[in-house]
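Please consider the following structure with attention to its side chains. The explanation below moves from aromatic rings to charged groups and the surface.

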Amino acid sequence: MAEEIEGAVVFLESEHSVVYDGKEPIFETDNKHPDMFTTLSIPLKYIHSFSFKISNSVGDDELRMQTELKMYKEGGLDVQKEYAIDFIKYDLGDEFLVEVFALSLDDFTQYITKFSYKIEVVDLAFTRFLAYEALYETEESKTSNDLYIYISEEEAFGTIYQNGKYIGHRIINSLSVISKRTGLELVKLKEYLVEKGFKRDNYDLEEMLILDAIIDVFSKDIEKIVYSINHKRGLFGLTGIDKVYIDFDGKELKGIEEFFSQYGFEPIIEPLIQHEEKINILLDYVFKLHNGADFQCINLTHLARKKHLRHYTGFKYLVEMIIVIILLLGISLFISYYLNEQKEEITQLNTKVQIQKKKIKVLSLRFKKIKKKNAVLLAEKKALEDKVFVYDTTLRVIPMIGKISYKRQKMMNDIVKVLKKYHLSASSMVQKDDKSFEILLISKSNRRSTISHFMKDLLDMGYKNVTTQDIAYEKGIYKSKIYINKAGQDVKR
């Protein structure tokens, strides 16, 4: 079955549809395969076209918007009508040449209502002049500049190809129009062109007026085509036309070369013959395009197949939004869980901190008590040290006091009193008599001045001479030998 053939397409014509799998077409009286890729060719008389240039820095979305605006403002579209609009762009270096095509819904509907069967879906509605690209199967065939002249009862045009790509077209008079203008029946006109072409030698004398009328119409058409060729020279660097293919049911048009020679063109002219394996250039084009060929294409359908929901941009955005929301919700839940965990951990840490603070407070109070007790003990220690110093001095002096006479007692008492006052110690005392006294004082390292105070107090107490040779420092203590004389005479040393 045709529907089971992978990559097969359906091409719609007014009297039948054609299923094509790239090998053999199957003609049917109806479109029995609506699920297959469905196409049709729109006659140029229904299509509006317009060309303009624009900077090649614009993006695709902006280009499409600018294209539609220009078609309404400059391309002559009716703002009251609905159009399918598509375009082909050419890169000219610093700018794009954009060729735009538009088909109104009214014209599209008018065209397909002439078909003998109902059409529900059209995946691709294109123009015939793009189909010739399917003829360029080799790289060698893509190196020439070619002109295709298509002639049928309802449509006719010339289209230019450069290196295998479409670069422009020009609508010319169809056979029906030529028939009306010349007054010649359509069947007879076609017969003349097929059998006799444009060669005068092939016509009888009474047919010359008819031939002149045909030539007059056709020569103007060729003039339009030549004008288009010359216009493309400046845009695409077109150097000329190498070949002219006549697409006229595989028939040639005798004498057509004379129309070109008057413009300085000497191309090779031959009929476009559809080889058996191709059957129809339109079938070959849509089949290859559907199966991945990189062909130029425009799509002007008003019966596009409803896409699967997943193909709609809005649906994609919705899915992406849902995914983002789910991700954000997941992240939010994770963060909430994490924060709760951290909050619980912080609560536990705060509890521990409070416990530690209480312990520190207890220890601090204990430390203050210990510190206070230590201060008391240090004070007691100092007082005891002072008492020990006095007792030590006294103990040292007591043996001496027992040896001196009463009349020497006062001098000894004075000296002991001052020693006690300044917490000084004496390592030796020598009282020679009741008027002179030698004492070796010892003072702590931080009490050097007490020796001077000791001497001054004795002077204040009436002792005339209180002297010393020096105050020596040795092993952390100060030593000084003091000479005291009560009467005022010099002390013998």
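**Side-chain contacts in the predicted model**

The charged end of Lys196 sits over the ring of Tyr203, at 5.3 Å from the ring centre; the criterion for such an arrangement is that NZ of Lys or CZ of Arg lies within 6 Å of the ring centre and within 35 degrees of the ring normal. The charged end of Lys70 likewise sits over the ring of Phe52, 5.3 Å from its centre. The model is a predicted one, in which local features need pLDDT of at least 70 and side-chain atom pairs count only at pLDDT 80 or more, while totals for chains, interfaces and linings use all residues. Residues are numbered from 1 along each chain as its sequence is written, and side-chain values use heavy atoms, with hydrogens and water left out.

Lys70 also takes part in a salt bridge with Glu74, in which the closest N and O atoms are 3.3 Å apart. A salt bridge here is a side-chain nitrogen of Lys or Arg within 4 Å of a carboxyl oxygen of Asp or Glu. Glu74 is partly exposed, with a relative accessible area of 48%; the term covers values between buried (under 20% relative accessible area) and exposed (over 50%), computed with a 1.4 Å probe and protein chains only.

The discussion now turns to pairs of rings. A pair of aromatic rings is described by the distance of the centres and the angle of the planes. Rings of Phe, Tyr and Trp (its six-membered ring) are paired if their centres lie within 6.5 Å, and planes under 30 degrees apart count as stacked, over 60 as edge-to-face and the rest as tilted. A search of the whole structure finds 25 aromatic pairs. One of them joins Tyr20 and Phe287 edge-to-face, with 5.7 Å from centre to centre and 75° between the planes. This pair links distant parts of the chain, since Tyr20 belongs to strand β2 (residues 17-20) and Phe287 to helix α7 (residues 281-290), 267 residues apart. Helices (H or I, at least four residues) and strands (E, at least two) are DSSP runs, numbered from the N terminus. Tyr20 is buried at a relative accessible area of 0%, and Phe287 also counts as buried, at 16%.

Tyr148 and Tyr245 form a stacked pair, 5.1 Å centre to centre with 15° between the planes. Because Tyr148 lies in strand β9 (residues 145-151) and Tyr245 in strand β12 (residues 243-247), the pair ties together parts that are 97 residues apart in sequence. Both tyrosines, Tyr148 and Tyr245, are buried. They belong to a cluster linked by ring pairs, whose members are Phe101, Phe129, Tyr132, Tyr136, Tyr148, Tyr150, Phe157, Tyr161, Tyr166 and Tyr245.

Where in the chain does Phe129 have its place? Phe129 is in the loop between β8 (124-126) and β9, and it counts as buried at 0% relative accessibility. Phe129 and Thr159 are 30 residues apart in sequence, yet their C-alpha atoms are 6.3 Å apart in space.

Charged groups form a further set of contacts. Side chains of opposite charge can pair when their charged atoms come close. How many salt bridges does a search of the whole structure find? The search finds 20. One is between the side chains of Asp60 and Lys89 (3.4 Å, N to O). It links distant parts of the chain, with Asp60 in helix α1 (residues 60-73) and Lys89 in strand β6 (residues 83-91), 29 residues apart. Asp60 is exposed, at a relative accessible area of 54%, whereas Lys89 is partly exposed, at 37%.

Lys188 and Glu191 meet in another salt bridge (3.7 Å, N to O). These residues are separated by about one helical turn because they are three residues apart in helix α4 (residues 186-195). Lys188 counts as partly exposed at 32% relative accessibility, and Glu191 is partly exposed with a relative accessible area of 32%.

Ser104 is buried, with a relative accessible area of 1%, and a polar atom of its side chain lies 3.1 Å from the backbone nitrogen of Asp107.

Terms used:
Polar contact = N/O pair within 3.5 Å; in protein donor to acceptor, adjacent residues only side chain to side chain.
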